[in-house]
Amino acid sequence: MITLRNVSKSYGKGQPAIDHMDLQIDKGEFVFVVGNSGSGKSTLIKLLLKELEPTEGTIEVNGQILNKLKRRKVPKYRRGVGVVFQDFRLLKDRNVYENVAFAQRVIERPNRVIKKRVPEVLTLVGLAEKYKSYPRELSGGEQQRVALARALVNRPDILLADEPTGNLDPKTSFEIMKLLEEINERGTTVLVVTHNREIVNAFKKRVIAMKKGVIVSDEQEGVYHAN
């Protein structure tokens with residue numbers, strides 16, 4: 001599903017943000033990417049979203065070689081990749097239903113599809129009753145659930161979650177991770193970038209640890225060791 005071959009990304013002189021990385025993530029996997037600030041985690045996410053171009057190497061996602069992907073095809077590529085961020089990024093002037101529907105309207109889905117699909121994903125994330133609420137009326141955990149629903153409404157093959165529990169308390173963080181696990185069990189490949197050692201160690205998934213742009217360990221049912 002995701003393959004990086006000898007990928008580097010430099011922002012100038014000095015240590016590259018990603019340094020000759022080889023990585024393979026198979027369809028249906030659930031993977032944590034961990035490491036301190038400056039380890040290259042955020043750069044990896046941006047490369048996978050084609051927000052950045054690698055300085056060298058090849059990136060293949062879901063059968064598409066990103067290096068060769070023409071600019072006009074990038075929006076279509078991104079539809080197959082759901083993304084959730086630490087800061088939710090909801091539209092404050094729209095209610096829950098419209099925030100999720102927005103992702104469908106962007107790709108010009110017909111109204112009948114939107115009316116069916118949006119309630120489905122809101123039910124999946126446990127927010128069916130709150131469809132008329134606005135972001136300011138929701139807790140942090142509920143806002144992150146809306147962000148998840150929006151990421152899932154177009155049925156992506158891959159879900160990238162960049163510090164999805166960074167602004168949440170421990171109990172809510174655990175609930176969001178259980179939801180990501182359930183989404184993974186339904187067939188979506190999930191990649192979670194996190195600093196949260198407790199979460200990583202509780203969920204017993206594949207753990208890729210990065211340091212200064214290099215993968216320093218890659219373990220199935222791994223643990224997040226203190227550096």
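The following dialogue discusses how to read selected features of a predicted model.

Trainee: Let us begin with the sheet. In what order do the four strands of the open sheet stand, and is the pairing parallel or antiparallel?

Mentor: In general, strands of a sheet pair through backbone hydrogen bonds, in either a parallel or an antiparallel sense. Here the four strands follow the order β2-β1-β4-β5, and their pairing is antiparallel. Strands β2 (18–25) and β5 (64–65) are at the edges; each has a single partner strand, so one side of each lacks a neighbour in the sheet.

Trainee: Over how many bridges do β1 and β2 pair?

Mentor: Strand β1, residues 2–9, pairs with β2 over five bridges in the antiparallel sense.

Trainee: Which strands does helix α1 lie across, and at what angle to β1 does the helix run?

Mentor: Helix α1 (residues 41–48) lies across β1, β2 and β4 (56–61), and the helix runs at about 120° to β1.

Trainee: I turn to helix α3. Which of its residues are buried, and what covers them?

Mentor: Within α3 (residues 96–106), the buried residues are Val 96, Tyr 97, Asn 99, Val 100, Ala 101, Ala 103 and Gln 104. Their cover includes α4 (111–124) and α5 (140–152).

Trainee: What is found at the start of α3 and just after the helix?

Mentor: At the start, a side-chain oxygen of Asn 95 comes to within 3.2 Å of the backbone nitrogen of Tyr 97. Just after the helix, Glu 108 adopts a positive phi of about 60°.

Trainee: How many salt bridges are there in the model?

Mentor: A salt bridge is counted when a side-chain nitrogen of Lys or Arg lies within 4 Å of a carboxyl oxygen of Asp or Glu. By this rule there are 15 salt bridges. One of them joins the side chains of Glu 120 and Lys 116, at 2.9 Å from N to O. These two residues are about one helical turn apart, because four residues separate their positions in helix α4. Glu 120 is partly exposed, at 31% relative accessibility, whereas Lys 116 is exposed, at 55%. Both belong to a network of salt bridges that links Lys 116, Arg 117, Glu 120 and Arg 155.

Trainee: Which parts of the chain does the salt bridge between Glu 142 and Lys 130 link?

Mentor: In this pair the closest N and O atoms are 3.0 Å apart. The bridge links distant parts of the chain, with Glu 142 in helix α5 and Lys 130 twelve residues away in the loop between α4 and α5. Glu 142 counts as buried, because its relative accessibility is 18%, while Lys 130 is partly exposed at 30%.

Trainee: Are Arg 186 and Glu 182 exposed or partly exposed?

Mentor: Arg 186 is exposed, at 60% relative accessibility; Glu 182 is partly exposed, at 31%. Their side chains form a salt bridge of 3.6 Å, N to O.

Trainee: Finally, where is Glu 163 placed, and how far away is the nearest side chain of opposite charge?

Mentor: Glu 163 occupies the loop between β7 (158–162) and α6 (170–185). The residue is buried without a salt bridge, and the nearest side chain of opposite charge, that of Lys 41, is 4.6 Å away. The side chain of Glu 163 does make a polar contact of 2.5 Å with the side chain of His 195. Beyond residues up to four places away in sequence, Glu 163 touches Lys 41, Phe 85, Gln 86, Val 193, Thr 194 and His 195.

Conventions
Residues are numbered from 1 along each chain as its sequence is written. This is a predicted model: local features need pLDDT of at least 70, side-chain atom pairs count only at pLDDT 80 or more; totals for chains, interfaces and linings use all residues. Side-chain values use heavy atoms; hydrogens and water are left out. Buried means under 20% relative accessible area, exposed over 50%, partly exposed in between (1.4 Å probe, protein chains only). Lys and Arg count as positive and Asp and Glu as negative; His and the chain ends are not counted. A polar contact is a pair of N or O atoms within 3.5 Å; within protein, one must be able to donate a hydrogen and the other to accept it, and residues adjacent in sequence count only if both atoms are side-chain atoms. Contact means heavy atoms within 4.5 Å. Two strands pair if DSSP finds at least two bridges between them. Axes are lines fitted to C-alpha atoms, for helices over the stretch in contact, and angles run from 0 to 180 degrees between N-to-C directions.
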